[in-house]
Amino acid sequence: MKTKVENAVMDTAKRTAMVLVAAVITAVNLKTFVRTGGLIPGGFTGLTRLLQEICDMVWGFEPPFSVINLTLNVVPAVVSYKFIGKKFTMYSCLMIVVSGLITDLIPSYAVTTDTLLVAVFGGLFNAVAIGICLAAGATAGGTDFIAIFLSEKMDIDSWNYIFAGNVVILCIAGALFGWEKALYSIIFQFTSTQVLHTLHRRYQKQTLLIVTKKPEEVYEVIKEMTNHDATLIKGEGCYMKQECNILYSVVGRDEVRKVLNRVRETDPMAFVNMIRTENLSGRFYQRPND
C-alpha cells in the first residue's frame, strides 16, 4: 500500500508531466497554425502576439514571446496565488514559462496555408492544451486565471465572457493589421472556447433526480464522492400505487459519471433523471484548488 508521501510524489509527477505536455502543444500550435495564419489567438497569448506585431511594425523588431507573456501574467499570477491556490498557481507559472521558452526556441513550420483550416484546428489544439492544464489543476495563464477566479468567487461558467473580452482584442488587431485575419482569429477563439466548454465541466452543474429503494445508501454515495447534500422526497408511483423515494441533488457535471456508476452498484434498480442546471442560487460546495 502506497504511503502519503509516495502518493504526493506520484501526483506531483503526473501533474508536472501533464503541464509540460500542454506547454509543448501550446508552443507548437503557436509556431505552426497561429504563425501560418497570422492569427491573434485572444487572451494574454493573443495580446502578446499583438504587441509583437506592433513592435515589428513600428520599430522593425519582434521582442521575445516569453518576456512579454511573463510580464503580462505577473499581476494575474499574484491574484491567483492569493485567492485561488498556491500549487495551482505554481503549476500555471510552470506552464507559462515553459511554453514561452519553447515558443521562442522552436522554428516556425507551416502545416497548411488554408487560413480557415488554420483557424479551426489551431483553436482545437489550443483548447486541448488548456484542457490538459485544467485537468492537471493548472491553467495556461492570463485570461484563464481571470476565468477561474470568476468561476470560484462568483460561481459562474465564465468562459463565454472571456470570449467576449477576447473579441475586443481581436477588433484592435483588425483595425491595425486588417479585418480578414482578425475575423479568422475570432473563428480560432470561438472554436477554442466551445471545445474547452465541452472538455472542462467543473463549473457546470447537473441536477440528479434518483428514484430508489435505498435512499440512505445512495445518499451516502453522493455525500462521500462529491461532498454535496441531497433532499429526500416521498412520492407514489402512479402505476403500481406504491410509495417511492426520490433523492434530489445537484452535482458538478464532471462528477456525474462516477456518481452514476456508484449509484448503479448500490441500487441496480435505481431510476436516474439527469437535468442540466443553467443557474443556481444558494450554497453549493465547490472543490477548492490546492
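The chain carries 28 positive and 25 negative side chains, and the centres of the two sets are 3 Å apart. The model is predicted: local features need pLDDT of at least 70, side-chain atom pairs count only at pLDDT 80 or more, and totals for chains, interfaces and linings use all residues. Residues are numbered from 1 along each chain as its sequence is written, and side-chain values use heavy atoms, with hydrogens and water left out.

The chain contains ten helices and four strands. Helices (H or I, at least four residues) and strands (E, at least two) are DSSP runs, numbered from the N terminus. Along the sequence the order is α-α-α-α-α-α-α-α-β-α-β-β-α-β. The C-alpha atoms fill a box of roughly 80 × 45 × 35 Å along the principal axes. Of the 290 residues, 43% count as buried. Buried means under 20% relative accessible area, exposed over 50%, and partly exposed in between (1.4 Å probe, protein chains only). Among contacts (heavy atoms within 4.5 Å) between residues at least 6 apart in sequence, 74% join residues at least 24 apart.

The structure holds one aromatic pair. Phe33 and Phe125 form this pair, which is stacked, at 5.7 Å centre to centre and 20° between the planes. Phe33 belongs to helix H1 (residues 4-37) and Phe125 to helix H5 (residues 115-135), so the pair ties together parts 92 residues apart in sequence. Rings of Phe, Tyr and Trp (its six-membered ring) pair if their centres lie within 6.5 Å; planes under 30 degrees apart count as stacked, over 60 as edge-to-face and the rest as tilted. Phe33 is buried, at 11% relative accessible area. Phe125 is partly exposed, at 35%.

Thr89 sits in helix H4 (residues 86-105). Thr89 is buried, with a relative accessible area of 2%. Beyond residues up to four places away in sequence, Thr89 touches Ala77, Ser80 and Tyr81. A polar atom of the Thr89 side chain lies 3.1 Å from the backbone nitrogen of Tyr81.

Thr143 lies in helix H6 (residues 143-154). Its relative accessibility is 15%, so Thr143 counts as buried. Neighbours within four places in sequence aside, Thr143 contacts Gly43, Phe44, Ile162 and Asn166. The C-alpha atoms of Thr143 and Arg15 are separated by 21 Å, at 128 residues apart along the chain.

Thr277 is in strand E4 (residues 271-277). Thr277 has 14% relative accessibility and therefore counts as buried. Its side chain makes a polar contact with the side chain of Thr207 at 2.5 Å. A polar contact is a pair of N or O atoms within 3.5 Å; within protein, one must be able to donate a hydrogen and the other to accept it, and residues adjacent in sequence count only if both atoms are side-chain atoms. Residues up to four places away aside, Thr277 touches Lys205, Gln206, Thr207 and Val250.

Methods:
Lys, Arg positive; Asp, Glu negative; His and termini not counted. Charge placed at Lys NZ, Arg CZ, Asp CG, Glu CD.
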